Amino acid sequence: MKAKAMSAQNRILLKGGKVVNHDRMFDADVYIEDGYIKQLGKDLVIPGGTRTIDATGKMVMPGGIDTHTHMELPFGGTVAVDDFYHGTRAALAGGTTMIMDFVLDGKGVLPLDAYNKWMDKAGAKVCCDFSFHMGLTWWNDKVKEELPILCKEKGINSFKVFMAYKDLFMLRDDEILDVLKTCKSLGAIVQVHAENGDVIDENCKKLLALGITGPEGHLMARPEEVEEEATHRAIMLADQVNCPLYVVHVMCKGAADAVRRARMRGAVVFGEPIAASLGTDGTHYFNKCWRHAAGHVMAPPLKDATTPEYLLNLLANGDLECTGTDNCTFNADQKALGKDDFTKIPNGVNGVEDRMSVIWEKGVHSGKMDPCRYVAVTSTNAAKIFNIYPRKGHIAVGSDADVLVWDPTATRTISAATHHQKVDFNIFEGMECHGVPLIVISQGRVVLEDGQLHATRGVGRFIPTPCYSQYVYNRIQTRDVSRAPQKVDREAYDGPVIEIKMEDKKGMQLAENPITMNRDSMFQARRAQPGGRNLHESGFSISGSQIDDQKITKSSGQRISQPPGGRSSGNLW
């Protein structure tokens, strides 16, 4: 049973502020009633009993949408400490009024069962509105059959595949292609965790064998090329099918450039940097304090110190589209599961509470983006991509009353000692941020005021994300038409065609092309001489066996001594 909103807060007037949307800023008052924006403008006529909040000199903007969270996610034998209550409560404290969490269960669990499990976990706890992405951790016909139900009946339009986590979540390219084709037929979006899982697996084994067991090994096993290659490959696969692709947690320059180049070619691909990749870096993995280093372990890992500014530049200029956090938090004792083996450190960091301030500090306060672009990357673009705009991500008549009164000059210092998250560590510890939400309104109710948080457990609503987002699929449909294969009409060729024949040394006639002929026939025709292998003709495999092994007569156990140059008889020795 959902908790009911407090009736005393049903009517609110935000007066004297500057409204900031993704496309423009303008002076206007905002009147809110029963959870919706009812009027917008100057000299509004409002009913009696309305509460007036003075927003003079402040900005009035849409509440943030965090596109990427993992509340109470099971991982590595433990469960993320920030559950749907503590996580969404912290989100509201930082100015995020909606989260998009991932349904992410193990192999063998069908998507509908996983969806029901996550809905049961979230429904009684969430303090703000939420949606789900569906993680596809395995793929077969049964899984495929449930996707239309999730899209049409359960309100999910985005499905995530993994190219990493070998033997756990990872799908192969042929499976990913089938996911892409299926999702395109449904008008859905495919999201991808882009890292080369095979390379990571080999690198981890090598580093552990060398005695590198600390958190620095997590970064060493995942060099930038691992993410860059997988991002490029995922974009290529999606482009062949012409399915929209959303690259989650873009963490490195190479991956960001892959997204940028693809967009320049017209591909429908979106890149999502996160608060962590924009606000801190991978130098922390080499900290002498194991807990500090482990506290930053996430996948893909944070990269070098020049990466955050590079990603911010691309985000500010439109090459990257929106921002999440990948919020998945583990306390010190949970991280300590990997004290002797970095591969066993639970992956995940915080961010859901700090994203809005970190991006304002690094993006707007630094001069890289204006407030309109800030609103776009923290709220509006997500609403457009996932087809909930203008209900969310916009200040307009009829939109949900998820609204912030933002003070761009106020400051706060981030610390685990003062944050609202349950986790005992904060990757942004000590960062001073300009830009603070003074008032947070969720569903038309004031939930943050004067630094006091008034979040209510269970009031969050599930927000369906319909398929066929115009922002995404208008271009997909146009590209289908413009890129359709064109057959060339021509007269049939009626000239002569040569007959290809090939004879072996014994005069046997082979009517087949030697490049495509049956291998068994080839080796039968070109049998190696007794006692040896024709090294020019046989194939090779990584295992060490060769394709004609079964054709070779095994030599006896008798050792025969030959001179280095061999006998003069002409036979191989």
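Select alanine 401 to begin: the residue sits in the loop between α14 (371–385) and β17 (403–413), where helices (H or I, at least four residues) and strands (E, at least two) are DSSP runs numbered from the N terminus. The structure is a predicted model, in which local features need pLDDT of at least 70 and side-chain atom pairs count only at pLDDT 80 or more, while totals for chains, interfaces and linings use all residues. Residues are numbered from 1 along each chain as its sequence is written, and side-chain values use heavy atoms, with hydrogens and water left out.

**Around alanine 401**

Is alanine 401 buried or exposed? Alanine 401 counts as buried because its relative accessibility is 0%; buried means under 20% relative accessible area, exposed over 50%, and partly exposed in between (1.4 Å probe, protein chains only). Next, display the contacts of alanine 401, contact meaning heavy atoms within 4.5 Å. With neighbours within four places in sequence left aside, the partners are Ile32, Gly35, Tyr36, Ile37, Ile441, Ser442, Gln443 and Gly444.

β18 pairs with β17 in the antiparallel sense over 8 bridges; two strands pair if DSSP finds at least two bridges between them. To locate this pairing, select threonine 413, whose bridge partner in β18 is glutamate 432.

Then move to strand β19 (residues 445–449), which is joined to β18 by 4 bridges and runs antiparallel to it. Here isoleucine 441 stands opposite valine 446 in β19. The hairpin of β18 and β19 has 2 residues between the strands, and glutamine 443 takes a positive phi near 55 degrees there.

**The sheet of 4 strands**

Select β5, β4, β1 and β6, which in that order form an open sheet of 4 strands with mixed pairing. β5 (36–41) and β6 (51–54) stand at the edges with a single partner strand each, so one side of each is left without a neighbour in the sheet. The twist averages 20 degrees from one strand to the next, with axes being lines fitted to C-alpha atoms (for helices over the stretch in contact) and angles running from 0 to 180 degrees between N-to-C directions. Within this sheet, strand β1 (residues 11–15) and β6 run parallel and are joined by 4 bridges. Leucine 13 stands opposite threonine 52 in β6.

The next selection is an open sheet of 7 strands with parallel pairing, in the order β8-β11-β12-β13-β14-β15-β16. Its edge strands, β8 (64–69) and β16 (269–271), each pair on one side only. From one strand to the next, the twist averages 25 degrees. Strand β13 (residues 158–162) pairs with strand β14 (residues 189–193) in the parallel sense over 5 bridges, and phenylalanine 159 stands opposite valine 190 in β14.

Now show α7, which lies across β14, β15 (245–247) and β16 and runs at about 170 degrees to β15. Select threonine 231, placed in helix α7 (residues 224–241). Threonine 231 counts as buried because its relative accessibility is 1%. Leaving aside neighbours within four places in sequence, threonine 231 is in contact with Ala194, Val247, Ala255, Ala258 and Val259.

Rolling a probe the size of a water molecule over the atoms shows where empty space is left. On a 1 Å grid over the protein atoms alone, a cavity is a set of points where a 1.4 Å probe fits but cannot get out, and lining residues have an atom within 4 Å of a point. Grid points are joined across faces, edges and corners, and a volume is the space filled by probe spheres set on the points. How many cavities of 30 Å³ or more does this rule give? The count comes to 5.

The largest cavity has a volume of about 160 Å³. To find it, select His70, Tyr165, Ala299, Asp326 and Asn347, which lie nearest its centre among the 18 lining residues. The lining of the largest cavity divides into 10 nonpolar, 6 polar and 2 charged residues; Ala, Val, Leu, Ile, Met, Phe, Trp, Tyr, Cys and Pro count as nonpolar, Asp, Glu, Lys and Arg as charged, and the others, Gly among them, as polar.

Finish at the second largest cavity, with a volume of about 70 Å³. Its lining has 13 residues, of which Val109, Pro111, Gly135, Thr137 and Trp138 lie nearest the centre. The elements that give two or more residues to this lining are α2 (111–123) and β12 (129–135).

Conventions
On a 1 Å grid over the protein atoms alone, a cavity is a set of points where a 1.4 Å probe fits but cannot get out, and a pocket is an open set with protein on both sides within 12 Å along at least five of seven lines; lining residues have an atom within 4 Å of a point.
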